[in-house]
Amino acid sequence: MSHDNLGFTSSTDTLDTKRWSSSRSNQNGYDPTHNKSNIYVLELEEKKKSVQEEYEEDYNPYEHRMVAHPTTSFETLLHLLKGSLGTGILAMPRAFYHAGYGIGTVATIIIGLFCTYCMRILVSSEYELCKRKRVASLSYPATAEAALAVGPMPFRRFSRASVHTINLFLMVYQLGTCCVYTVFIATNLKMALKTYVSDIDLRLYMLAILLPLILVNWIRNLKFLAPCSTVANFITFIGFGIILYYIFREPLSFENRDVIGNVENFPLYFGTVLFALEAIGVIMPLENEMKKPKVFMKTFGVLNIGMGVIVALYTGMGFFGYIRYGGAIEGSITFSLGEPLALANAVQILLAIAIFFTHPIQCYVAIDIIWNEYIAPNLEKNSHKLLWEYVVRTSLVLLTFLLAVAIPQLDLFISLFGALCLSGLGLAFPAIIQICTFWTVCDRTERSIMVAKNMSLVLFGILGLIVGTYTSLRDIIKTFS
């Protein structure tokens, strides 16, 4: 039976095999037909490999995602906007004070483009790795592990460690955000109530909200936190509307407003903008929950439209907030609102309530990582497992409370955690993940362009991390020395 009849080789392949056989017979003096079975096995393996590669190429992760309650494109867009509108946008006028309104405007747009690009390459890398691993979706840490495992040889030894590294950055960022929220709530309450009660130390306000924060963080199910999120979003938009009234109620003046700020304070601006703009922690969960995830990455899809709106809102708040208040701007624009005081106090109380209800949502991510990834697996047979979970939840709230009490400076906190965590999470790590993901499938030219482009982002992220963290810590030490 010939190989042609089996359907595994073409006539050309058969002819080449006969020539090979004849040549071997002439050289060694034996009939190679007894090796036909070996040739058949090799060709069969090649056929299987080709079929397997074609099968993998046809695997579409989107078609295998089983989501209980998938979100529409519009709902995903709203979630992206809501997830990005928090204390960060209220700190943008202070960031523009550090950078100057000219540099601040241009740099915010550029950093916004960088952040959007990094989100895109992270999601595209996840999709590629899902196809190869034949899984429906991957988390951020799992994507990093899978990418480094197939990247350049020096990176592969760090594939497992990358999971713990990204988890650490995510935990520090989320807990840092909770520190920021604690300072924000206490400071707004103090500003709002100082005309009605005697002057009370800020730390006492933090102590007053400690027990409520612990209790709200005892809610274990995100479903029960959803009403809190709805209330918080409604209040936040009302608060933003009142802030815009304060900004535009009188003509704006550019007198004594710097186009270019103090260069040594630019890292404070950088950290604040990263903290405000970067939504890298929610991007992959949002995309994974969509009914039509292909829309997420389109040119005019959810990600580009959402980030475009976010960058515009943050740039506008930073620019006009700084032009309105100039050098008198505080760490949050809510601290700078003047007459009528009753309206200003209303905004401060409303936003304090909104951020209070957002606190457990931010803390939930850190609790989920620490408890489910590291502690709970070691307590499977412990009869007091539920009690230990509440101990962990309480301990994390206490930790953020103690940090907030030690450093009650909102703008420095925001800049510190933005530079320390999001330079890596939002810029450097996605660039490294893309390099590793496509390392073996790119030709030499494509690989060179990708490495040059992404290593520039990595270096930019590392520079921002080092300089931004140093500058924030320097100012924190200076404040309390």
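Me: Which helix gives the most to the lining of the largest cavity?

Reply: Helix H18 gives the most, with four residues. Helix H6 (92-99) and helix H13 (266-277) also supply at least two residues each. Helices here are DSSP runs (H or I, at least four residues), numbered from the N terminus. This is a predicted model, in which local features need pLDDT of at least 70 and side-chain atom pairs count only at pLDDT 80 or more, while totals for chains, interfaces and linings use all residues. Residues are numbered from 1 along each chain as its sequence is written, and side-chain values use heavy atoms, with hydrogens and water left out.

Me: What makes a space a cavity and not a pocket?

Reply: On a 1 Å grid over the protein atoms alone, a cavity is a set of points where a 1.4 Å probe fits but cannot get out; a pocket is an open set with protein on both sides within 12 Å along at least five of seven lines. Lining residues have an atom within 4 Å of a point. The count comes to one cavity of 30 Å³ or more, and the largest cavity has a volume of about 60 Å³. Its lining includes Ala91, His98, Leu268 and Asp411.

Me: How many residues of each class line the largest cavity?

Reply: Five are nonpolar, four polar and two charged. Ala, Val, Leu, Ile, Met, Phe, Trp, Tyr, Cys and Pro count as nonpolar, Asp, Glu, Lys and Arg as charged, and the others, Gly among them, as polar.

Me: What volume does the second largest pocket have?

Reply: The volume of the second largest pocket is about 330 Å³, taken as the space filled by probe spheres set on the points. Among its 14 lining residues, Thr187, Glu330, Phe335, Pro408 and Gln409 are the closest to its centre. Helix H10 (159-193), helix H11 (202-216) and helix H18 (410-437) each give two or more residues to this lining, and H10 gives the most, with three.

Me: Why is glutamate 389 called buried?

Reply: Buried means under 20% relative accessible area, exposed over 50%, and partly exposed in between (1.4 Å probe, protein chains only). Glutamate 389 has a relative accessible area of 8%, so the residue counts as buried. Arginine 220, at 41%, therefore counts as partly exposed.

Me: What makes glutamate 389 and arginine 220 a salt bridge?

Reply: A salt bridge is a side-chain nitrogen of Lys or Arg within 4 Å of a carboxyl oxygen of Asp or Glu. The N to O distance for glutamate 389 and arginine 220 is 3.2 Å, so the pair qualifies. Glutamate 389 lies in helix H17 (residues 385-406) and arginine 220 in the loop between H11 and helix H12 (222-248), 169 residues apart.

Me: How do you know that glutamate 145 and arginine 160 form a salt bridge?

Reply: Their closest N and O atoms are 3.6 Å apart, so this pair also meets the limit of within 4 Å. Glutamate 145 lies in helix H8 (residues 140-149) and arginine 160 in helix H10, so the pair ties together parts that are 15 residues apart in sequence. Glutamate 145 is partly exposed at 27% relative accessibility, and arginine 160 is partly exposed at 47%.

Me: How many salt bridges does a search of the whole structure find?

Reply: The search finds six. One of them joins arginine 474 and aspartate 475 (2.9 Å, N to O).
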